[in-house]
Amino acid sequence: MKKNGWTNIKASEVLKIGLFSDGYKSFLSSNKTERECIKYFSKMLEENGFKNLNDLIKQNKRLKTGDKVFVVNMNKELVAFVVGKTKMEEGMDILCAHVDSPRLDLKSTPVYEEDGFCLLDTHYYGGIKHYQWTALPLALHGVVCKKDGSKIEISIGEKDKDPVFGVTDLLPHLSLKTTGIDKLLHDESVTGEALNIIIGSKPKEDSVKKNILDLLLKNYNIEEDDFQSAEIEVVPAGKARDYGLDGSMIMGYGHDDRS
């Protein structure tokens, strides 16, 4: 039987673990997309003496042993180097990790109205289990590129006063054989194409979609055409939390990928 790791922790180390975990939970809560992670890591590297390689190239500076540099690709990938003493042909140590997580992505023309609701059309990314995304508070994170060349970074659903969004599901008693839809078994009842999120139900001039588009323009300066040049991800809303009465574990979106 494997020995529980907590039995090896000294009392003097518990406080250090707690402080580290608080910072880690804060990181998970604030960085739910690749872009947000790369922005966070870039700032962390600069605070620890790393220089942006592109800036050094512009200054025509040559690298030497011990220099710490990093480069960002398309705001979604990052590589950091510590220049060693030996030639590259002799090998290097590489540590590699990914920062993307299973999620829903908005399609290029996502806004539509159906059955008295306004919805956003999505496609899923990663090996998700469809049924786990129903009846779950969701948030919108991403960037919108405007026609004038400006960019709008959005995060809707994380603040206490923010609205949240969701994918609807049938109540358990509505999926019984008596309803005539007994073929829709538990994990098959929600398909990937059905993971579209509801964002409103109040009409304006007999159109829920019109009301939502007016609110998007008023509150976030986003027009319907802007979605074609936007990258918006739908992720679970809320902060990373302690897991268990003893606070011995952490629960948070992206926990396994970004640790």
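User: How do you know that β2 and β3 pair?

Analyst: In this predicted model, β2 and β3 are joined by 6 bridges in the antiparallel sense. Pairing asks for at least two bridges, so with 6 bridges β2 and β3 count as paired. One example is N73, whose bridge partner in β3 is E77.

User: What makes β1 and β2 a pair?

Analyst: Here 2 bridges join β1 (residues 51-52) to β2 (residues 68-73). The cut-off is at least two, so 2 bridges are enough for this parallel pair. Within it, K51 has V69 of β2 as its bridge partner.

User: Why is the unit of β1, α3 and β2 called right-handed?

Analyst: The name describes the path from the first strand over the helix to the second: it is right-handed if that path runs clockwise with the strands pointing away from the viewer. The unit made by β1, helix α3 (residues 53-58) and β2 is right-handed, so its path runs clockwise in that view.

User: Which strands are the edges of the open sheet, and what makes them edges?

Analyst: The open sheet has 6 strands in the order β7-β6-β9-β4-β5-β8, with antiparallel pairing. β7 and β8 (197-200) are the edge strands, as each pairs on one side only. From one strand to the next, the twist averages 30°. Helix α4 (residues 208-220) packs on this sheet and touches β4, β5, β7 and β8; the direction of α4 makes about 125° with that of β4.

User: How do you know that β7 pairs with β6?

Analyst: There are 6 bridges between β6 and β7, in the antiparallel sense. At least two are needed, so β6 and β7 qualify. Among the residues involved, L140 has I156 in β7 as its bridge partner.

User: What makes a residue part of the lining of the largest pocket, and how many residues line it?

Analyst: A lining residue has an atom within 4 Å of a pocket point. For the largest pocket, 43 residues line it, with L78, V79, A80, F81 and L95 nearest its centre. The volume of this pocket is about 1600 Å³. Its lining has 26 nonpolar, 7 polar and 10 charged residues.

User: And which element gives the most to the lining of the second largest pocket?

Analyst: That is α2, with 6 residues. The second largest pocket has 25 lining residues and a volume of about 630 Å³.

Terms used:
Residues are numbered from 1 along each chain as its sequence is written. This is a predicted model: local features need pLDDT of at least 70, side-chain atom pairs count only at pLDDT 80 or more; totals for chains, interfaces and linings use all residues. Side-chain values use heavy atoms; hydrogens and water are left out. On a 1 Å grid over the protein atoms alone, a cavity is a set of points where a 1.4 Å probe fits but cannot get out, and a pocket is an open set with protein on both sides within 12 Å along at least five of seven lines; lining residues have an atom within 4 Å of a point. Grid points are joined across faces, edges and corners, and a volume is the space filled by probe spheres set on the points. Ala, Val, Leu, Ile, Met, Phe, Trp, Tyr, Cys and Pro count as nonpolar, Asp, Glu, Lys and Arg as charged, and the others, Gly among them, as polar. Helices (H or I, at least four residues) and strands (E, at least two) are DSSP runs, numbered from the N terminus. Axes are lines fitted to C-alpha atoms, for helices over the stretch in contact, and angles run from 0 to 180 degrees between N-to-C directions. Contact means heavy atoms within 4.5 Å.
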